[in-house]
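Visitor: I should like to go through this structure term by term. Please set each value against its definition before drawing a conclusion.

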Amino acid sequence: MNIRHIGAIMSPLALLACVITPGLGHADWTGGIEGGQVITGDNKGTKIRLKLSNSDRPFSQAIYADWIRGDDDNDSYEIGYTPRYWFSEQAYAFGEGKVQTSNVTNVELQNSLLAGVGIQLINTESQKLFAEAGAGQLFTRFETVAPGQESTESTGIAIGRLGASQVLSDLIKFELDADYATAEDLVTTKAEAGISLRTAGGAIKYSYRARTSQFGDEDRISTNDSSVSFTYGF
């Protein structure tokens with residue numbers, strides 16, 4: 001990561017720290033570390049994720065930080081924070097802040113801020129099902145051809161999400177998540193399926209993710225990747 005990336009990420013992180021720090025001492029936090037290999041077409045990378053969460057109500061929180069190291073030492077980073085305020089056993093309002101670097105040509109950094117509502121349709125020890133809808137802003141920083149010049153674009157974004165999980169015999173867990181997002185002329189979809197096998201101290205997980213994006217009347221672009229990882233819980 002270069003100096004420009006560090007500076008671009010530190011400002012949102014400072015704001016994030018101000019928001020979550022008061023709640024750290026008043027919540028029962030749990031977390032884990034996940035590491036493994038990500039395969040996208042012919043490209044391979046190593047991914048490490050640190051995650052923290054608490055399920056206190058009416059205010060629950062989740063934080064994650066990702067580091068992905070590509071084949072050609074092209075590192076990418078993503079940090080996110082999602083608070084929820086529960087109105088009832090099922091209904092809640094949520095916020096979401098995300099900062100991520102990008103290896104996409106001419107894109108240096110993307111930040112997003114979202115807010116919305118959700119409903120927990122099923123919430124048992126073995127089954128979970130939720131749906132969310134929200135809106136916010138997507139901020140994209142572009143790298144220009146001329147050295148030292150930057151440009152930032154802000155667009156409105158709307159999202160819809162659905163997530164489900166099923167645990168079998170306390171050993172195997174199936175997960176399915178689907179996202180739909182639209183920002184001006186850009187429409188993106190993402191679907192991810194995963195299966196985890198519980199082991200001593202953690203779990204081995206295999207995930208497959210498919211993504212599509214379409215800008216205006218242009219042809220749809222589809223990508224997919226898979227990963228095998230081990231999660232250590234604490």
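Visitor: What makes Glu-96 and Arg-161 a salt bridge?

Guide: The closest N and O atoms of Glu-96 and Arg-161 are 2.8 Å apart. A salt bridge requires a side-chain nitrogen of Lys or Arg within 4 Å of a carboxyl oxygen of Asp or Glu, so the pair of Glu-96 and Arg-161 qualifies. Glu-96 lies in strand E5 (residues 91-101) and Arg-161 in strand E8 (residues 150-168), so parts that are 65 residues apart in sequence are tied together. Strands (E, at least two residues) and helices (H or I, at least four) are DSSP runs, numbered from the N terminus.

The model is a predicted one, in which local features need pLDDT of at least 70 and side-chain atom pairs count only at pLDDT 80 or more, while totals for chains, interfaces and linings use all residues. Residues are numbered from 1 along each chain as its sequence is written, and side-chain values use heavy atoms, with hydrogens and water left out.

Visitor: Which strands does the salt bridge of Glu-132 and Arg-161 link?

Guide: Glu-132 and Arg-161 meet through their side chains in a salt bridge of 3.3 Å, N to O. This pair links strand E7 (residues 127-143), which holds Glu-132, with strand E8, which holds Arg-161, and the two residues are 29 residues apart.

Visitor: Why is Arg-161 called buried?

Guide: Arg-161 has 17% relative accessibility. Buried means under 20% relative accessible area, exposed means over 50%, and partly exposed lies in between (1.4 Å probe, protein chains only); Arg-161 therefore counts as buried. Glu-132, at 8%, counts as buried as well. Salt bridges with shared partners join Arg-84, Glu-96, Glu-132, Arg-161, Asp-179 and Lys-190 into one network.

Visitor: How do you know that Lys-47 and Asp-66 form a salt bridge?

Guide: Their closest N and O atoms are 3.8 Å apart, so the pair meets the salt-bridge definition. Lys-47 in strand E2 (residues 43-54) and Asp-66 in strand E3 (residues 59-69) are 19 residues apart, and their pair links distant parts of the chain. A search of the whole structure finds 14 salt bridges.

Visitor: Are Lys-47 and Asp-66 buried or partly exposed?

Guide: Lys-47 has 22% relative accessibility and therefore counts as partly exposed. Asp-66 has 9% and therefore counts as buried.

Visitor: What makes the approach of Asp-66 to Arg-49 a polar contact?

Guide: The side chains of Asp-66 and Arg-49 make this contact at 2.6 Å. A polar contact is a pair of N or O atoms within 3.5 Å; within protein, one must be able to donate a hydrogen and the other to accept it, and residues adjacent in sequence count only if both atoms are side-chain atoms. The contact of Asp-66 with Arg-49 therefore falls under this definition.

Visitor: Which residues does Ser-227 touch?

Guide: With residues up to four places away in sequence left out, Ser-227 touches Gln-37, Val-38, Lys-205, Tyr-206 and Ser-207; contact means heavy atoms within 4.5 Å. Ser-227 is found in strand E12 (residues 221-233), and its 16% relative accessibility is why Ser-227 counts as buried.

Visitor: Over which residues does pLDDT stay under 50?

Guide: That stretch is residues 1-15. The protein chain averages a pLDDT of 82, where pLDDT is the predictor's confidence in each residue, from 0 to 100. Where pLDDT is low, the predicted coordinates should not be read in detail.
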